[in-house]
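Me: I have a model open and want a quick tour. Can you take my questions as they come?

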Amino acid sequence: MPLGLALPQYGRFADPALTVRVAAAAEALGYDRLWTADRLLVANAPRTPYPGGSGAVPESHRTFLDPLTLLTAAAGATSRARLGTSTLNAPWYPPALLARTLTTIDLLSNGRLDVGFGLGWSEDEYGAVGVPWRGRAARLEETLDVLEAFWTGGADVRHTGALWTVPPSTVLARPAQRPRPPVLLGGVSPAALERVGRRADGWLGVGLPLPALRPLWERVCDSARAAGRDPGALRLVLRVNPVVTAEPAPEVPQRGTVAQIAHYLASAVRELGAEPLIDLHHAARSPEEFLSLAREFRDALALPPSPTLAPTPATGLNPPPQPDRSS
């Protein structure tokens, strides 16, 4: 079971030196996947509320570092763990430049990159980068087309679309992974889930109770079948970012003890074939606790340090005792 950890990136953990330290320590602990996410700003008077809860951005997310720069640093601090984005807001970036950057990271990491894309939720962030909020899904679709052209189009790269035109061009730099790094997509809307099944290598799922998560994953698999693709080849990366409590809580997976959250993740692995991704930004209060919790989750999920993993092939775009911890 590949186990993932969100690298320190936000709030009190927005420290590049800490990111490098945790990346190396997590790999030594046996974590197989290391992930970063994408935030740009927090508007004082937001046009779109933060998803879930009160709509207010958590204090822990009001400071943030660049995801791709941190992955580059993590690549130099590790040798085995795969490195991914969960998620990168693809419509913000010119796809030709994005292809170059992601290719470079994949080469730098010797083929360990997982590319996770989403659409984001903040209309204000789109405005800040000069990208229209409307049409963002179509922009993501064409971004995938351009990346496919750069990564698999041979020496003669070209693309003509509604948003971008790449004239016949020579681009010889290619990712270390062939034909390209795996591409995973986020989102829970029917259109987003259909897109995953139709053209991604997997879904970046969110921590929901299994009765709510299961039909979303089934929709992805149904979409893959409708597109003539094998749903068994798709990955489900399941991200949880819980508040960890000392006593059992009823709000799992949003809140609970390490044992509760681990049980939830183990059930998702057993029933859905999920790859757990643990985000400790809301759970830890210090770098030391961040690493301590990472070790506790590793132990609770009964993971020994892992052997070297072979690169994940792309399929085509088409409970231990708990410490005393206050809640």
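Me: Where is Asp-279?
Reply: Asp-279 is in the loop between strand E13 (275-278) and helix H9 (287-300). Helices (H or I, at least four residues) and strands (E, at least two) are DSSP runs, numbered from the N terminus.

Me: What kind of model and numbering is this?
Reply: The model is predicted: local features need pLDDT of at least 70, side-chain atom pairs count only at pLDDT 80 or more, and totals for chains, interfaces and linings use all residues. Residues are numbered from 1 along each chain as its sequence is written, and side-chain values use heavy atoms, with hydrogens and water left out.

Me: Back to Asp-279. Buried or exposed?
Reply: Asp-279 is buried, at a relative accessible area of 3%. Buried means under 20% relative accessible area, exposed over 50%, partly exposed in between (1.4 Å probe, protein chains only).

Me: Which side chain has a polar contact with the side chain of Asp-279?
Reply: That of Arg-239, at 2.7 Å. A polar contact is a pair of N or O atoms within 3.5 Å; within protein, one must be able to donate a hydrogen and the other to accept it, and residues adjacent in sequence count only if both atoms are side-chain atoms.

Me: What else is Asp-279 in contact with, leaving aside neighbours within four places in sequence?
Reply: Besides Arg-239, the list has Ala-6, Val-240, Asn-241 and Pro-242. Contact means heavy atoms within 4.5 Å.

Me: New topic, helix H5. What span should its 17 residues have?
Reply: Residues 136-152 should span 24 Å at 1.5 Å a residue, and the end C-alpha atoms are 24 Å apart, which agrees. The expected span is 1.5 Å times one less than the number of residues.

Me: Which residues of H5 are buried?
Reply: Among them are Arg-139, Leu-140, Glu-141, Leu-144, Leu-147 and Trp-151.

Me: What covers the buried residues of H5?
Reply: The cover includes helix H3 (95-108), strand E5 (113-118), strand E6 (156-160) and helix H6 (190-199). Just after H5, Gly-154 takes a positive phi of about 80°.

Me: How many aromatic pairs are there?
Reply: Six. Rings of Phe, Tyr and Trp (its six-membered ring) pair if their centres lie within 6.5 Å; planes under 30 degrees apart count as stacked, over 60 as edge-to-face and the rest as tilted. Tyr-50 and Trp-121 are edge-to-face, 5.3 Å centre to centre with 90° between the planes.

Me: Where do Tyr-50 and Trp-121 lie?
Reply: Tyr-50 is in the loop between strand E2 (33-36) and helix H2 (67-77), and Trp-121 in the loop between E5 and helix H4 (123-128), so the pair ties together parts 71 residues apart in sequence. Both are buried.

Me: Which residues form the aromatic cluster?
Reply: Trp-92, Tyr-93, Tyr-126 and Trp-133 form one cluster. Arg-136 lies over the face of Trp-133, at 3.7 Å from the ring centre. The rule for a charge over a ring: NZ of Lys or CZ of Arg within 6 Å of the ring centre and within 35 degrees of the ring normal.

Me: Backbone next. Which residues does a cis peptide bond with omega about -5° join?
Reply: Ser-86 and Thr-87. The bond from Arg-178 to Pro-179 is also cis, with omega near 5°.

Me: What about the phi of Asn-110?
Reply: Asn-110 has a positive phi of about 60° although it is not a glycine. Asn-110 is exposed, with a relative accessible area of 66%.
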